[in-house]
Each structure stands twice: as C-alpha cells, then as structure tokens.
Amino acid sequence: VFISGGLTDVITIASGANISAGNDVLDLTLGTVNGVINLGANITAGGTGGIILDLSTVNLTGAVSLKTQGTGNAADITLASVNGNQNLTLETPAVSGSAITLSSVGQATALNTITVTNSGGVTVSGNFNGSVVLTDTTGAVAFTGTNTTISKLTTAAKGYSVAFGDGQADTTVLSGAPVFLNTGGVSFQGTTSLITGATITGNAASTVTLANTIVSGGAFNIG
C-alpha cells in the first residue's frame with residue numbers, strides 16, 4: 001500500500017526494482033488532494049488481487065511492467081493518471097473481468113509505448129497520448145476519451161475488437177498508417193484523423209463500423 005498525505009507528498013520507487021506482492025497493490029491518500037508516485041519499478045500482484053493506483057498521479061521514471069496473476073475477475077489494473085516518456089507494459093489474466101482501466105494517459109508528458117500483453121479487456125476512459133502495442137486481450141479495447149492521439153499503433157491477429165470514441169464530440173488522431181490485424185472488429189466514432197492512412201484486414205467475420213467524420217491523409221483500405 002502506497003500512502004500519501006496529499007499533492008506535496010511524493011513516493012519514489014527506484015528504476016529497475018522488482019516488487020512482488022502477495023495480493024493487492026493499492027494507493028491511499030490521507031488528505032483531500034491526491035499524491036504523486038514516481039514509478040520506475042516492475043510490480044507483480046499475486047493471489048487474487050489487482051494493482052489499483054487510482055488516487056495518485058503516476059510519473060514513469062523508467063520502463064515499467066505491471067502484472068496481475070489472479071485467476072478471478074478482481075485481478076485488475078487501474079491507473080487514474082500516468083505520464084512520462086517511458087515504456088509501460090500491462091498484463092492481467094485473460095479472463096472476463098480482469099480488466100485494464102486507464103483514465104488520463106500522457107497528458108503532461110506523452111508516454112513512449114504502452115504494451116498490453118494480455119487482459120480481460122481494456123478501457124481508456126480519458127484523454128490519451130502515446131504509442132500502443134496490443135499483443136493480445138480478451139474482448140474489447142476501447143478508447144472512449146474526448147481526445148485520443150496515438151503516434152503508432154501495432155495490433156495482432158487475435159480476436160479482440162478495437163474502438164475509438166463513443167460520441168460525436170470525441171476526436172481521434174492516428175499516425176503511422178496502422179494496420180488492424182485483429183479479427184474482433186474495428187469502429188470509429190466522432191472525428192477521426194488518419195494522418196497517413198490505415199488498413200483494416202481482419203477476417204471474413206470481422207465488422208467495421210464508421211460513424212461521423214473520417215479524414216485520411218493516405219489510403220484507407222478495408223478488407
């Protein structure tokens with residue numbers, strides 16, 4: 001448990017450290033203002049617990065891996081605010097409910113790359129700025145924040161879906177001509193800018209949902 005007394009309290013966990021917990025990893029605040037965690041360590045939560053850092057701003061000071069190993073739906077990873085030009089790797093068990101939930105990502109300093117190696121679903125509910133690698137997950141990967149900026153997106157030929165925006169006011173900017181290899185479907189809602197185009201391959205059963213406005217600076221291939 002990381003305990004903070006408020007915004008002036010900063011907890012620093014040195015880069016390169018490896019932390020293993022028998023159960024949940026949590027942050028708590030004793031004041032009315034959330035604290036700050038400077039994180040450079042790799043954290044693994046065992047048992048049935050998750051990694052829930054939803055009351056602090058997390059600043060990455062080095063490459064970080066967060067992993068939960070529980071077999072039930074409590075083995076979540078939740079981050080309220082995370083920043084830092086570093087790589088972040090996230091993994092939860094691929095069971096329904098063991099979700100990865102991110103609120104604000106890269107709003108002070110864009111992240112280098114977030115990699116999801118596995119999970120029971122991913123939701124980014126706030127604004128996002130960084131690169132993304134989606135190795136595998138069960139169910140859906142949803143970017144539902146008002147502003148989503150992805151400098152590079154890498155997908156895999158797995159059964160998950162990827163969705164951008166959940167309302168007409170949402171804005172998505174994708175650079176690097178992403179290729180959507182995932183077979184669970186792709187959807188765009190709001191205003192979507194494909195800076196250098198995009199390609200959706202999927203398979204014969206894949207669905208593509210296009211809504212509102214899409215502007216592409218290169219070829220936009222479907223199928």
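In which strand is the place of Thr 115? Thr 115 has its place in strand β12, which covers residues 113–118; helices (H or I, at least four residues) and strands (E, at least two) are taken here as DSSP runs, numbered from the N terminus. The structure is a predicted model, in which local features need pLDDT of at least 70 and side-chain atom pairs count only at pLDDT 80 or more, while totals for chains, interfaces and linings use all residues. Residues are numbered from 1 along each chain as its sequence is written, and side-chain values use heavy atoms, with hydrogens and water left out.

Thr 115 counts as buried because its relative accessibility is 17%, where buried means under 20% relative accessible area, exposed means over 50%, and partly exposed lies in between (1.4 Å probe, protein chains only). When residues up to four places away in sequence are not counted, Thr 115 touches Leu 88, Thr 89, Leu 90, Val 133 and Thr 135, a contact being defined by heavy atoms within 4.5 Å.

Gly 120 is located in the loop between β12 and β13 (122–124), and with a relative accessible area of 17% this glycine is also buried. Its contacts, again leaving aside residues up to four places away in sequence, include Thr 92, Pro 93, Ala 94, Thr 137 and Thr 138. The C-alpha atoms of Gly 120 and Asp 136 are separated by 9.6 Å, these two residues being 16 residues apart along the chain.

Strand β5 (residues 35–39) is mostly covered, since five of its five residues are buried. Gly 35, Ile 37 and Leu 39 point one way from β5, whereas Val 36 and Asn 38 point the other way. Pairing, which requires that DSSP finds at least two bridges between two strands, links β5 in the parallel sense to strand β2 (residues 10–13) over four bridges, and to strand β7 (residues 51–60), likewise in the parallel sense, over five bridges. Val 36 of β5 is the bridge partner of Val 10, and Val 36 also stands opposite Thr 57 in β7.
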